[in-house]
Amino acid sequence: MAEDVLARPLGDVFGRWCLQLGACERDLTERAATLRHVRCAPWTYRDGQLVADDCMLPLASGSVDAVVLCFALEFSARPHRLVREANRVLNDRGILMVVGQSPHGLAALPRLLGMSGRVLPSGTGLVRPGRLRDWLDLLDFEVEAHHGFGNGWPWRGATRGPVGRAMADCYALVARKRVLPLTPMRRPLRAPRAAPAPGAVVSNFSRRNREDGEAA
C-alpha cells in the first residue's frame, strides 16, 4: 500500500540519488527517475545494499535528491537524529518521504490499552505525525502531502483525508526542503581615477566629483 501512496511523489523525483532507509523488504525507490537507487538497512537487519548506522550515513552532505524513511523511525533509538541525518544528506531541492506506523491505529490499540499484544514487533517506538511535522518545521521542511492508509476502522484499504488518516494504521508524509540557493553578487569595483599632472589646472567639475567620491 505504501507503493501506491508514494507513487506520484516518487515519479516526480529526478537527479542522481534516491535513498531508502528502514526495515522494509520492498524497494520503493524503483519508481524514482534517478540515476541510482540505494537501500540502506540498519546493522540489526543487514538486508539492504548498504549496511550502516542510520544516524551516521557514509554519504556526503547535500548529495541525495530524495530520501524515503520506510518504517525507519519506529526502529531507531534516536528518531529525531535520524530525521536530521536525512536532512543533512539531502540537497537544496531534496524531498523527504516518511512512512510510519500511526500510534492511533488499530495495530497500536493493544499498546494504548496496556495489553501485551504482538501486533507490533518488540522494541517498536511510534512517532506521532504531529510530532514529526514539528521536527520537519524546525528543519525548514514544507509538508506537501499527508496521507493515511491501512485497514483503519471503519474504513478499508487506503484511507485519505483528515478523517481517514486519524484512524489509519499507517501514515505517509511528503516534505520538501525550503532552502533557497543564493547566488553571491560581487560589488562592482570603481575604475581608478587618473591623477592630474603636476601644475595642471583642475576644473571645478572634476574637483567636485573627486570630493563626492571621497565623501562616499
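## Strand pairing around S1

In this predicted model, Cys18 stands opposite Ala66 in S4. S1 and strand S4 (residues 64-70) pair in the parallel sense over four bridges, where pairing requires that DSSP finds at least two bridges between two strands. S1 (residues 14-21) is also joined to strand S2 (residues 33-41), again in parallel, by seven bridges, and here Trp17 stands opposite Arg36.

## Overall composition

The protein chain holds six helices and seven strands, assigned as DSSP runs (H or I of at least four residues for helices, E of at least two for strands) and numbered from the N terminus. Along the sequence they follow the pattern α-β-β-β-β-α-β-α-α-β-α-β-α. Of the 216 residues, 41% count as buried, that is, under 20% relative accessible area with a 1.4 Å probe, protein chains only.

## Helix H4

Pro129, Leu132, Trp135 and Leu136 are the buried residues of helix H4 (residues 129-138). Seen down the axis of H4, these residues fall within an arc of 115 degrees, so they line one face of the helix; the arc is taken from the directions from the helix axis to the C-beta atoms. They pack against helix H2 (79-89) and strands S5 (90-101), S6 (141-149) and S7 (170-177). After H4 comes Asp140, with a positive phi near 65 degrees.

## Basis of the values

Residues are numbered from 1 along each chain as its sequence is written, and side-chain values use heavy atoms, with hydrogens and water left out. Local features need pLDDT of at least 70 and side-chain atom pairs count only at pLDDT 80 or more, whereas totals for chains, interfaces and linings use all residues.

Note on methods: Buried < 20%, exposed > 50% of the residue type's maximum accessible area, 1.4 Å probe, protein only. Contact = heavy atoms within 4.5 Å.
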